[in-house]
Amino acid sequence: MLAAGMICGKPGSYAFDLPRPEIQQADQVLVRVKEVGLDGTDFGMVSRGQPDIAEGRNEVVMGYEMVGVVEAVGAWVTKLAASDTVTMTVRRWCGICHPCLHNQSDMCMTGLFTERGIHKIDGFLTRFVVGQEQYIVKEPANQVWCGVLTEPLSIAEKGVEQIRFIQARIVWACSNPSHSFDLQTWGGCRTGLVVGVRPLGILGTALLRLAGVDTYVADIVPEYSAKAQLVKQMGARYIDGRTKTPQEMVDMCYTAGNLDIIFEASGAATTAVELINHMSRSSIYVMTGIPREGVTMQMDAGQLVRRLCASTR
Ligand SMILES: [Zn+2]
Ligand SMILES: [Zn+2]
């Protein structure tokens, strides 16, 4: 079975043969892969030439964003059947900590989790994959065309979910009952800045706009670029960050009042830290970008701590 990924000690990406996987446990599902998304995380792994491969293996299959169709199910599988459109989650539990034991490996305490296509275990850039039913998410039958975006969307969704969860404490922030954080229209009087028009930033923008948030999006691509045009079609306003300081970008957002949400999706560490200094009172900062290590900057630590303590209670 053809697969694509990385090989131990050889920089770059390669195609190689693997045995076709088979159902070996009653709770497993065999999935025919239809589409796999590759993004900056995959590119980073290949360009660094540092495959993260489990001990005893010589290669690892890449790709952690996927959509597929169920080919066969084990005897204990109850919620899935052949021909269902599905996607698979990425992280697998450490088997030790309480969050993982409660099926919340996103919150793993030990760091001993594995991730398909990212950390130790095979991803989905191949013909067939097998997984336990608990890690497989059924998609609406007519969503094959966009199901590959479910994994990155789940990251943006989690950020927005936490915004709603945390800000719901501040019930007196707005007197309009239709802006309650338990309603889909929670963003009606709120302003957000999304930094980065890569996939996560675009998906985050879509969610904020669906909630009615007055959304600004900043990146260093021209306004006529396809990505900037896409967020503008969602009703967001685009800021060309090539000629603006973080302060100037934030000032543009302030024309609408408070800057309630900063959604960082650029992966640029210095920008991400600098923006903390521009948070409004009682605002929320969602960080989704994971920058490379070894980025240094000079900063006023006193100002940073003052901001964090005084503005983000
Ligand atoms: Zn764990
Ligand atoms: Zn309101």
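**Backbone, sheet and core**

Mentor: K120 is partly exposed, because 17 other C-beta atoms lie within 10 Å (a residue is buried with 20 or more other C-beta atoms within 10 Å of its own, exposed with 12 or fewer, and partly exposed in between, C-beta atoms being placed from the backbone). The model is predicted, so local features need pLDDT of at least 70 and side-chain atom pairs count only at pLDDT 80 or more, while totals for chains, interfaces and linings use all residues. Residues are numbered from 1 along each chain as its sequence is written, and chains are lettered from A and ligands numbered from 1 in the order in which they are written.

K120 belongs to strand β9 (residues 120–121); helices (H or I, at least four residues) and strands (E, at least two) are DSSP runs numbered from the N terminus. Although K120 is not a glycine, its phi is positive, at about 80°. Most residues other than glycine have a negative phi. N103, also not a glycine, has a positive phi of about 60°. N103 sits in the loop between α2 (98–101) and β8 (114–116), and N103 counts as exposed because it has 10 C-beta neighbours inside 10 Å.

A glycine with positive phi occurs in the hairpin of β1 and β2: G9 takes a value near 75°, and 2 residues lie between the strands. These strands belong to an open sheet of 3 strands in the order β2-β1-β4, paired antiparallel (two strands pair if DSSP finds at least two bridges between them). β2 (10–17) and β4 (59–61) are the edge strands with a single partner each, so one side of each has no neighbour in the sheet. From one strand to the next the twist averages 40°. Strand β1 (residues 2–7) is joined to β2 over 5 bridges and to β4 by 3 bridges. I7 of the sheet stands opposite K10 in β2 and opposite E59 in β4, while A4 has A15 as its bridge partner in β2.

Helix α4 (residues 199–210) has 12 residues and spans 17 Å from first to last C-alpha, close to the expected 16 Å (1.5 Å times one less than its number of residues). It is largely enclosed by the rest of the structure, because 10 of its 12 residues are buried; among them are L200, I202, L203 and R209. The buried residues of α4 pack against α3 (150–167), β12 (191–195), β13 (214–219), α5 (226–233) and β15 (261–264). G212 follows α4 and has a positive phi, near 90°.

The largest nonpolar core has 61 residues, and L193, V217 and I262 have the most contacts inside it (such a core is a set of buried Ala, Val, Leu, Ile, Met, Phe, Trp, Tyr and Cys residues joined through C-beta atoms within 7 Å). α4 gives the most to this core, with 6 residues. Domain 1 (2–145) and domain 2 (152–311) both contribute residues, so the core lies between them; the domain bounds come from an automatic or database domain assignment. The centres of domain 1 and domain 2, taken over C-alpha atoms, are separated by 30 Å. Leaving aside neighbours within four places in sequence, I262 is in contact with L193, L275, M279, S283 and Y285, contact being C-beta atoms, placed from the backbone, within 7 Å.

Notes. Two residues are in contact if their C-beta atoms, placed from the backbone, lie within 7 Å. Axes are lines fitted to C-alpha atoms, for helices over the stretch in contact, and angles run from 0 to 180 degrees between N-to-C directions.
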